[in-house]
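Hi everyone, thanks for coming. Let's have the model up on the screen and walk through it together.

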Amino acid sequence: MKEIVLKTKNISKYFYDPVQFQVLNDISFNVYKGEFLTLVGKSGSGKSTLLYCLSTMDTDYTGELDILGDKITGQKPNELADIRNKSIGFIFQFHYLLPEFSSLKNVMLPALKLGKYSPKEIEERAYHKLEILGVEDQALKPANKLSGGQQQRVSIARSLINDPDIIMCDEPTGNLDSRNTQIVFEIFQKITHDFGQTIIAVTHDLDFANKSDRTIELADGKIVATHLN
Amino acid sequence: MQKANLEIAITHIVTRKKQTLVAALGVTIGLSIYLFMNSLTNGFDKFQNAETFKSTAHIKIYKDDEQTKPLSKYENSRALIINSQIVNNSKKIINPLQLISIIKKEPYITDVIMQVDFSAFYNKGTAQVKGTGNGVNIAEYNSMFNTQKYMKAGSISDLQNNMNGIILGSGIAEKLGVRVGDNISVSSSFGVGKNLKIVGIFELGSSMVDNAKSFVNISTAQQFLKESSSYVNTIYANTVDYNNSTEYMNRLQQLTNYTVEDWKTTNADIMAISSTRNIMFGAISFAILVVAAFGIYNILSSTITQKINDIAILKATGYRGSDVIQIFITEALIMGLIGAAAGLLLGSLLIFIMQNVYVGGPVGYFPISFEKSLMMESFLIGIFVTLFAGYFPAKKAADVDPVSIFRK
């Protein structure tokens, strides 16, 4: 039996604007340590909404969410921020780097907040993460001077800086060409299989999904299929 | 504070130098004008008080006119005396030395003198000027009012033991065409006339005083009033703090039956004008500071609108709402500190320029000075206003919902 890192029990969510609409309907599943999980579905199926509920940023749902054995549902915003800082990394379709800061600084920021290491150590660790992603030569450039593929790799490095147990991605390859998509995929393989971290990625790229360990398919806010690839 | 927050704030400030300077400039102008205007009113108040205390003591004790009162105390009953009048014309303070020794025991009293005032007519040939004669011990009087400083001619010490000497206001001397060493004839409303020798001429700069007032020895004044050598009609006292005079007045009033009046009561009109002026200037200068605060508010608001993605990502990676508030408050504070420091310099420059403006008359150079406490006050108000203006945009940033940003 593999170790469960994230668990949902009967998660449901409604949108009220413009009309009441059930966007998630009784979602329950487990995610295991070291797993590369993808969430797929048509536009409007609720896959991104589900990811943001899992991310602890959206707290407006019913049901229960457990991360690393702790109940997340009902915790206060500050506690949730601390959990995100320590245990969850994020990668977005639009890379969302802070444009005035260097790549290195962007990677360092979550670690400076965590404060587990000294700034000097954090800098070394951040440089090391950039090395893993092959963009160490861009470390001192301002983030807005980088190409899209480089920016996405820097943002992956940022998501890894605090060695989180779970990395959540919203369309991580949605804005990349096939070569960069391949690079990102290989990195994800390495993160999950070599480092034992868990990835939950929302994608509409079926090739990408088919190469992941497991794919959960959503339609109209329900889980309609689960494939082990 | 977290070092990362400080670093983010500084990076925002450094990469947006122009906006930072515009916001800081607003504070600079607001604060310098606040400092300048308050220094103006303070300087002018001080000047005005100094003018007042040239001839007015902090506290005056005298016998007020007494009115006859109806015998019946009850409302709606018939009054027995209906034609109310002043009962007694004597302004004599009985046993003044005892009263003075009682007053002197009060810890807040610094100086007490007694005085004999009378209505005087100064005559030279056919010319006559009406005024007030003041019988004083000139040495004591000088220690309270520093009269020697305002002597135009002659010396106060010449009056000391000269029973036939008089010190005249410059206005009287001019009207009568007399100089030090001349004799004039002075008469009182009691019909007593004397030939006195002018030993000095003073000028306080207030025509009301200079055209009417003269000093003689107490015993000379007593003779003008046909009174005995124990007659005194006014006691003046100075206190440790003239701003507190009303409280001292109330305390002294419990010690004596005579009327105790402080300078604020005597000069109620001046006090009303000066407090009106202070409120007016205060309101104007504060309004300017508020405008400066809006500058900060505006620039931080636009920063936050532009940086909303950055705020969302910071919150996603674990920065708390309080961290975001810290970041933007720090930015406001940096803008405020730069602006306030420059504002103090600019305000000081304005004060310096104003100090060299010659107004003329008894005022001379404009009465304005550097006051540390006012500078501190302006600085603190400037920073406070900045923080206040920074808080609302910062709170707005802290309340950003990252999900709504990421899902756009």
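In chain B, helix H2 (residues 17-52) packs against helix H10 (residues 268-306) at an angle of about 170°, and their axes are 8 Å apart. Helices here are DSSP runs of H or I with at least four residues, numbered from the N terminus. Axes are lines fitted to C-alpha atoms over the stretch in contact, with angles from 0 to 180 degrees between N-to-C directions. So H2(B) is roughly antiparallel to H10(B), a label for angles over 145 degrees. Their contact has 18 nonpolar, 12 polar and two charged residues. Nonpolar is Ala, Val, Leu, Ile, Met, Phe, Trp, Tyr, Cys and Pro; charged is Asp, Glu, Lys and Arg; the others, Gly among them, are polar.

A word on the source: this is a predicted model, where local features need pLDDT of at least 70 and side-chain atom pairs pLDDT 80 or more, while totals for chains, interfaces and linings use all residues. Residues are numbered from 1 along each chain as its sequence is written, with chains lettered from A and ligands numbered from 1 in the order written.

Now helix H12 (residues 321-355) of chain B, which packs with helix H13 (residues 372-398) of chain B at about 150°, axes 8 Å apart. H12(B) and H13(B) are therefore roughly antiparallel too. By class, that contact has 19 nonpolar, eight polar and one charged residues.

And between the chains? The contact takes 19 residues from chain B and 21 residues from chain A, counting C-beta atoms, placed from the backbone, within 7 Å. On the chain B side, H11(B) gives the largest share, five residues.

Notes
Two residues are in contact if their C-beta atoms, placed from the backbone, lie within 7 Å. Helices (H or I, at least four residues) and strands (E, at least two) are DSSP runs, numbered from the N terminus. Angles under 35 degrees count as roughly parallel, over 145 as roughly antiparallel, 65 to 115 as roughly perpendicular and the rest as oblique.
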